[in-house]
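Subject: Structure handover

Hello,

Here is the structure I said I would pass on. Please look at it first, then read my notes below.

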Amino acid sequence: MTNDFQDLYQDIVMDHNRRPRNYGELQDFTKSSEGFNPLCGDQLTLYVKLKNGILENISFTGVGCAISKSSASMMTEHIKGKSVAEAIVVFGAFRDMLTDNVRSDFPTDILEDLEIFSGVSQFPTRIKCATLCWHTLNSALSEQNIVITTDDNNR
Ligand code: ZN
């Protein structure tokens, strides 16, 4: 990472950590899921209002480190209004960006501002902080009512 990029990353993460977007429980959610990252202690609950295959609204509550909170905050901004299919593709691209650090089958341009998290791939213990919200979303959308715990096989 260049210093400029590092600064941008810090600024954005700190801003979302201080003022998380879409924070709080939705009144009219249709799906909800909980995620927990035991490595860091990050906890997250997602609320999704799904209508005709579109994520009409999404919010989250939880406690955790700056990375987990800012990642959840930016995820909700990014996928609100998108279809479930689109959200799953973004999840795939985001996960691959962090875990493989090479391009996969997923296009990078769909990540847009989420690309600022690419540097997290250099810190393996923090990857799960960034991906927790996405795994939790995936769980909410896949009809499974289970608590997601990230482990070595599921990051
Ligand atoms: Zn964390």
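Ring pairs join Tyr9, Phe91, Phe94, Phe117 and Trp134 into a cluster. The model is a predicted one, and 6 aromatic pairs turn up in it. One of them is formed by tyrosine 9 and phenylalanine 117, edge-to-face, at 6.2 Å centre to centre and 85° between the planes. Tyrosine 9 belongs to helix α1 and phenylalanine 117 to the loop between α3 and α4, 108 residues apart, so this pair links distant parts of the chain.

Tyrosine 9 is buried, with a relative accessible area of 10%, and phenylalanine 117 is buried at 0%. Another edge-to-face pair is tyrosine 23 with phenylalanine 60, whose ring centres are 5.1 Å apart. Here tyrosine 23 is partly exposed at 41%, while phenylalanine 60 is buried at 1%.

Also in the cluster is Phe91; the charged end of arginine 95 sits over its ring, 5.1 Å from the centre.

Phenylalanine 117 also has contacts beyond the rings, including Val13, Ile67, Met74 and Ala130. In the largest nonpolar core, which has 36 residues, Phe117 is among those that touch the most other members, as are Phe94 and Trp134.

Now the strands. β1 (residues 31–37) runs antiparallel to β2, with 7 bridges between them, and serine 32 stands opposite tyrosine 47. β2 and β3 are also antiparallel, over 9 bridges. Their hairpin leaves 2 residues between the strands, and asparagine 52 in that turn has a positive phi of about 50°.

Regards

Notes:
Residues are numbered from 1 along each chain as its sequence is written. This is a predicted model: local features need pLDDT of at least 70, side-chain atom pairs count only at pLDDT 80 or more; totals for chains, interfaces and linings use all residues. Side-chain values use heavy atoms; hydrogens and water are left out. A nonpolar core is a set of buried Ala, Val, Leu, Ile, Met, Phe, Trp, Tyr and Cys residues joined through side-chain atoms within 4.5 Å. Buried means under 20% relative accessible area, exposed over 50%, partly exposed in between (1.4 Å probe, protein chains only). Contact means heavy atoms within 4.5 Å. Two strands pair if DSSP finds at least two bridges between them. Helices (H or I, at least four residues) and strands (E, at least two) are DSSP runs, numbered from the N terminus. Rings of Phe, Tyr and Trp (its six-membered ring) pair if their centres lie within 6.5 Å; planes under 30 degrees apart count as stacked, over 60 as edge-to-face and the rest as tilted. A charge sits over a ring if NZ of Lys or CZ of Arg is within 6 Å of the ring centre and within 35 degrees of the ring normal. Lists of a residue's contacts leave out its neighbours within four places in sequence.
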